[in-house]
Amino acid sequence: MIKNGHHAVSEPSREACANPGAAACSPEKRKRVVRVWCDGCYDMVHYGHSNQLRQAKAMGDYLIVGVHSDEEIAKHKGPPVFTQPERYKMVRAIKWVDEIVEGAPYVTTLETLEKYNCDFCVHGDDITLTVDGKDTYEEVKRMDRYRECKRTQGVSTTDLVGRMLLMTKAHHSNIDSSEYQQHTDNFGKGPKGHSPWTGVSQFLQTSQKIIQFASGKEPQTADTIIYVAGAFDLFHIGHVDFLETVYKQADRPYVIVGLHFDQEVNRYKGKNYPIMNVHERTLSVLACRYVSEVVIGAPYTVGKDLLDHFKVDLVCHGKTEVFPDKDGSDPYAVPKKRGIFHTVDSGNGLTTDDIVQRIIENRRDYHHF
């Protein structure tokens, strides 16, 4: 269990409370641990899934997530876009998850809940059907071992794939148009200043949602403060591998992620990027167990003010290309001069472009949860 202040420690042992007079045996410790079960394909994990798992964890103490195998998904829904190992790793990286069960059965049964000693299972308020049209939660619903959580408004896998299709179709055609340029110039200048690249998003950010996702932990004196920056668009397995590598750079890491505003991302990524707006990207990154804090709308150049303000010990960047700032300068010149810049190799070269291509090619199967 990663002790980064984001999620519960391992379960307290029953034996620890055998002696009611023991100092360690507080009323909280004596209380039985409520074990919660969630399951799904988790094929294209987004902040909606993370929010479901956050809500499920809040209903109990210990969250176990069952992830279906490629074979099981193919049988009921068609082949998944992402492989088993990729899907397992994505779910493991979500900070509210305490344990995952690989190759969990597609139909949730009482037997599964008993096997993993779970009190009940939690699912979103939508119906999941088997290949022959049966509700996959029928048995646990009947036995009153089922709880429901709210779906996250404004995001779904279908919606995100729709944005990708829109992006690939529109790219090259509207990027140079005067309307697009006007949109870009007006971006952020009032209610009508919609981004042409994330304007289709129906997600409404609230301070409450950020609070729910944030760790709320301040860095401690002994922590190593590590700063990374980027778009982190369509948060994916390449990002997880990178952040895990960054996290492992210190014994007590406190990882701060600087997220660039949509307009800045579009400047260096081009096409119709980003696919997710800055509010969506904030939640996606905050849900990752390796991240302690997010700077929303970080300056592109990592300068003296930012480094001093956050008391940054180390600045990391992956193997991806570093684009110069608007004036042609190196955005990492200051940390390099201070000797605190470090290039890390996560061993995973997957980019958002690769993800988009993979999903577009598999778009007939984009209904996976």
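This passage describes the fold of one protein and some of its residues, using a predicted model. Residues are numbered from 1 along each chain as its sequence is written, and side-chain values use heavy atoms, with hydrogens and water left out. Local features need a pLDDT of at least 70, side-chain atom pairs count only at pLDDT 80 or more, and totals for chains, interfaces and linings use all residues.

The protein has 15 helices and ten strands. Both are DSSP runs numbered from the N terminus: helices are H or I with at least four residues, and strands are E with at least two. Of the 369 residues, 51% count as buried. Buried means under 20% relative accessible area, exposed means over 50%, and partly exposed lies in between (1.4 Å probe, protein chains only). The accessible surface of the protein comes to about 17,700 Å². Carbon and sulfur atoms hold 51% of that surface. Such areas come from the Shrake-Rupley method with a 1.4 Å probe; for residues, only the protein chains shown count as cover. A contact means heavy atoms within 4.5 Å. Among contacts with a separation of 6 or more, 78% link residues 24 or more positions apart.

Five strands form an open sheet with parallel pairing. Their order is E8-E7-E6-E9-E10. Strands E8 (293-296) and E10 (341-343) are the edges, and each pairs on one side only. Two strands pair if DSSP finds at least two bridges between them. Neighbouring strands of this sheet are turned by 25° against each other on average, direction ignored. The axes are lines fitted to C-alpha atoms, for helices over the stretch in contact, and angles run from 0 to 180 degrees between N-to-C directions. Within the sheet, E6 (residues 224-230) and E9 (residues 314-317) are joined in the parallel sense over two bridges. Tyr-227 stands opposite Val-315 in E9.

Glu-86 belongs to helix H4 (residues 84-92). This residue counts as buried because its relative accessibility is 16%. Setting aside residues up to four places away in sequence, Glu-86 touches Ile-237, Leu-350 and Arg-358.

Helix H11 spans residues 262-269. Its buried residues include Asp-262, Glu-264 and Tyr-268. Gly-270 follows H11 and has a positive phi, near 70°. The loop between H11 and helix H12 (278-286) contains Pro-274. A cis peptide bond, with omega about 0°, joins Tyr-273 and Pro-274.

Most residues other than glycine have a negative phi, and most peptide bonds are trans. Tyr-42 is not a glycine, yet its phi is positive, about 50°. Tyr-42 sits in the loop between strand E1 (35-40) and helix H2 (47-58). It is buried, because its relative accessible area is 0%. Leu-234 likewise is not a glycine and has a positive phi of about 50°. Leu-234 lies in the loop between E6 and helix H10 (237-247). With a relative accessible area of 6%, Leu-234 is buried.

The structure holds zero disulfides. A disulfide is a pair of cysteine sulfur atoms within 2.5 Å. Cys-41 is buried, at 3% relative accessible area. Cys-316 is buried, at 1%.
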